[in-house]
Amino acid sequence: MKKKTIWTVAVIMGLSFLALLFLQLNYIEEMAEMKKEQFDESVNRALYQASRNLELNETLRYLEDYVSKDSTENKKSKANNNGGVTTFEQKTALVKPSQIPKAMILRNDSNAVASTKKSIQQMVRNRYVYQKAMVNEVVYNILYSASEKPLKERINFKLLDQDLRAELLNNGINVGTSINYHFMVTTQDGREVYRCSDWPADATEEDIEEKSYSQVLFRNDQQPNMGVIKVYFPDMNSYIFSSVRFMIPSVIFTLVLLVTFIFTIVVIFRQKRYSEIKNDFINNMTHELKTPIASISLAAQMMNDKSIQTTPSMLQHLSGVVLDESKRLRFLVEKVLQMSMYDKKKAVLKKKHVDLNEMVENIANSFTLRVEHAGGKVYTDIGAVDSTIYVDEMHFQNVIFNLMDNAVKYARTDAPLNVYMKTWNEGDKVCLSIRDTGQGIKKEDQKKIFEKFYRVHTGNRHDVKGFGLGLAYVKKMVDLHNGEIHVDSTYGKGTTFTITLPFTPEE
C-alpha cells in the first residue's frame, strides 16, 4: 500500500474518531447542564415552599394560641358569672341549630320553614363574623407582635429542617441517599442567626457561594424583620454528573479505540519503513557477498585451469586471495550474527576487568594503516587516570572497531581523514570519545543511526559498504554494559561519539 493511501485512510479515521468523541463530550455537557437546571428549579421550588410553610406554621401557632387563650377566658367568665355570656356570644349572639325542635323544622308550615331558614342564615352569618374577627385579631397580633420578635424566637429550626427535607424529597431530590445538604439562617443584612451542627468546617467561601441556594423568609414583613435561609450542597457536582456516568464507559472505549488506531498507524508506518530498510539490506548484502564469492570462484577456476602456469608464486597468490575473501565473508556473516542477540532477552557476556587506555592504544595502532591510506592519521589523548572497566573484552573491542570503521568508511573525498581518540574521567565514570573529520551526519539522521538496519545511504547506492547493523550493535553493547553513548555531528565537518562507562576498580 502506498504511503499516500495510508495517510488518507489514517486522516479520515482519525477525524471520524475525533468527531465521535466531540459529539459524546458535547452530549455529556448538555445533559449535565440540563440536570443542573432541573436541580436549580427543584431546590428553589422546595425552598419557596418551605419558607411558605414556615409562615403558615407561624400563623397556625398564633391562631391556636389565640383560641386556647379565648377558651380559658370563657371558662373563667362562666365561672365568675354563673353561666354568663362567652366571648363568642358577646361578638355574635350565636343561635345553635341543635336547640331548634325538629318538629319545627319538619313541620309543613311556610312560616316555620321561613323562620328556620332565617335562623340558619343568621347562625352562619354570626359564625362568619366570629371567624373573621378571630382571624383579624390573629393577623393584627402577628403584624404588631410576632414580626417584632427576633428570628430565633419566630423560627423552629428543627421543624424548618424537616420541612426542607420533605420538600426536597417531594421535588425529586433524594437527600440522605444521593446528596446531603447543610443550611443556615441569617438576617437580611447578613448576620448569622443559626447554622446546622454538621456544617462542614473546611468549606471555602468560593465553594459555598457556588453550591448554595438562598430564599427570603417572611418576605411580606418589613425588610429589617426578614430572614434568609441558605442551603449548601457540598456534593452537588457529583450529584449532577451522576446522571451522565453511563456515558463515561463509551467515552473511554472511544479513547481506547482512538489510541489503538494511532498505535496501529504508527506500527504500519514503522513496518513499512522496516520493509524498505529490509529491501535496502538485502540489496546491500547481495552486493557485499557478490565480490568475495566472485573472487573465490575466479581463484578456484584459475587453480583448476591446466592452461595457466601453476607456479608456486601463482598458487600462493591465489590461495591468498581465497583466504582474504574467506575472511571477508566470515566478517560479513559475523556482522549479521551480531544482531541475533536482539532476539534474546538477555545476552551472555563474559565480563572481566580491562584497562581502557591499553585497549584504545592497541586499536589505534591496528587502524593506523587504514587511516593513513585515507590520507590522515590517528591521534590518541590518554587522559583517564582511573581507566579500569568491567566489560566483555571481545564485544567492547568490536564496539570501538565499529566506530573506527565508520570513521574510515565515511571519510571525505576532498580532505584527509584524521581520527582523535581520547579518554578521561568524570567523577566515577570513564569516558571515551572518537572524533573524526569525515562527512558528518545530518541532524535528521542523528536520531535514527542507532536503529537496526538504518543506513544514511539507502536504496541501490553502494558507495559505502554495510548493512546498517554496526551502530545498532554498538548501542546495544553499551546499554548492556550499563553505559551511555552520545553523538555530536556537524554535516560536512565530522562526527564525535562519546561513550561513558562506570569505573570499576580491580579487587
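This is a predicted model: local features need pLDDT of at least 70, side-chain atom pairs count only at pLDDT 80 or more; totals for chains, interfaces and linings use all residues.
User: How many helices and strands does the protein chain have?

Analyst: Helices (H or I, at least four residues) and strands (E, at least two) are DSSP runs, numbered from the N terminus. The protein chain has 14 helices and 11 strands. Of its 507 residues, 36% count as buried.

User: Among contacts between residues at least 6 apart in sequence, what share joins residues at least 24 apart?

Analyst: A contact means heavy atoms within 4.5 Å. Here the share is 71%.

User: How many salt bridges does the structure hold?

Analyst: A salt bridge is a side-chain nitrogen of Lys or Arg within 4 Å of a carboxyl oxygen of Asp or Glu. The structure holds 10 of them. One joins the side chains of Glu55 and Arg219, at 3.8 Å from N to O. Glu55 lies in helix α1 and Arg219 in the loop between β3 (212-217) and β4 (227-232), so the pair ties together parts 164 residues apart in sequence. Arg219 is partly exposed, with a relative accessible area of 24%.

User: Are Asp207 and Lys211 buried or exposed?

Analyst: Both Asp207 and Lys211 are buried. Their side chains meet in a salt bridge of 3.1 Å, N to O.

User: What separates Lys475 and Asp479 in helix α14?

Analyst: About one helical turn, because Lys475 and Asp479 are 4 residues apart in helix α14 (residues 470-480). They form a salt bridge, with the closest N and O atoms 2.8 Å apart. Lys475 is partly exposed at 27%, and Asp479 is partly exposed at 39%.

User: Which residues gather in a patch of negative charge on the surface?

Analyst: A charge patch is made of residues with over 30% relative accessible area and no salt bridge, like charges being joined within 9 Å. Asp and Glu count as negative. The patch here consists of Glu29, Glu30, Glu33 and Glu37. Glu29 is found in helix α1 (residues 3-81) and, at 45% relative accessibility, counts as partly exposed.

Notes. Residues are numbered from 1 along each chain as its sequence is written. Side-chain values use heavy atoms; hydrogens and water are left out. Buried means under 20% relative accessible area, exposed over 50%, partly exposed in between (1.4 Å probe, protein chains only). Patches are made of residues with over 30% relative accessible area and no salt bridge: like charges are joined within 9 Å, nonpolar side chains (Val, Leu, Ile, Met, Phe, Trp, Tyr) within 5 Å. Accessible areas come from the Shrake-Rupley method with a 1.4 Å probe; for residues, only the protein chains shown count as cover. The place of a charge is taken as NZ of Lys, CZ of Arg, CG of Asp or CD of Glu.
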